[in-house]
Amino acid sequence: MENQVLQQDINDTLDNRKALFKKPNLLYWYHKLYVRLLGDSLSASELQILEIGSGMSPLKHFYPSVKTSDIMPMGHVDYVFDALQIDRVEEIAPSSLDVITLTNVLHHLQDPIAFLLKAHGKLRTGGRIMFVEPYYSRLSNLIYTRLHHEPSDFNIEAPILSNITGPLCSANMAIPYLIFFGNKGWDNKLREFYTWDDAQLFYYTALSYMATGGVARKIPIPPLLYKMMWEIDSRLANRFPAQFASFFSLTLTPICQGS
């Protein structure tokens, strides 16, 4: 049964990836997100960058020098490993990476704090972790709790997934938000190893993403019009995050690097 679930997840991921590359507006949404995180591709090519959860991601399409990874074996992925075992991956030397990046991956990990602590040892001096995760505003809370298929469970005692059923099915979208915006003290351990502040926060809304149709729907908005929509949407999210933001990006900078 486990093999069947894994193979189905691989097939679904590859199908979604194919659909994504046929949608210019969706690719534009991702590209703008990546530029915000990594800058231009030429500058990024000088860095050692590892992406976690690259199954459907188009990051390498825009940044060819990035090394990709996933828990599922797929032809376009450079490394196959469980993110929670990153400290044991011999192909990635300690203190060798400038950037570890994840997009909507933390909320799929069984123990995201454990991953962040283990990833610390792979970063060199000046390295950083950059990730994008769901943000719960007045708008997005309605979308995530009533329309989205992944669960948003705020009534948890620890930031850990209690039920693991497969790479794609296992999730709690609320966990990263609770870690970094909640008042539960779950970020205390992370603050022993990383620093971050509001200046490193950037917000996105669900409106510009939904206007692409995602991977499942076709919404025929002309690319030029969509680009204008994205700019308005981005300003709206960052001016009024509590009302409109649906995603947030954050950069964690190690206080002291592993050896």
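Helices (H or I, at least four residues) and strands (E, at least two) are DSSP runs, numbered from the N terminus. This is a predicted model, in which local features need pLDDT of at least 70, side-chain atom pairs count only at pLDDT 80 or more, and totals for chains, interfaces and linings use all residues. Residues are numbered from 1 along each chain as its sequence is written, and side-chain values use heavy atoms, with hydrogens and water left out.

**Strand β4**
- T103 lies in strand β4, which covers residues 97-103.
- T103 is buried, at a relative accessible area of 14% (buried is under 20%, exposed over 50%, partly exposed in between; 1.4 Å probe, protein chains only).
- Not counting residues up to four places away in sequence, T103 touches Y30, L33, Y34 and V132 (contact is heavy atoms within 4.5 Å).

**Helix α9**
- From first C-alpha to last, the 17 residues of α9 reach 24 Å, close to the 24 Å expected at 1.5 Å a residue (the expected span is 1.5 Å times one less than the number of residues).
- Y226, W230, D233, S234 and A237 are buried in α9.
- Seen down the axis of α9, these buried residues fall within an arc of 105°, so they line one face of the helix (the arc is that of the directions from the helix axis to the C-beta atoms).
- The cover over the buried residues of α9 includes α2 (24-38), β7 (202-205), α8 (206-210), α10 (241-244) and β8 (245-254).
- L224, M228, I232, R235 and R239 are exposed on the face of α9 turned away from its buried side.

**Residue L224**
- L224 belongs to α9 (residues 223-239).
- L224 is exposed, with a relative accessible area of 63%.
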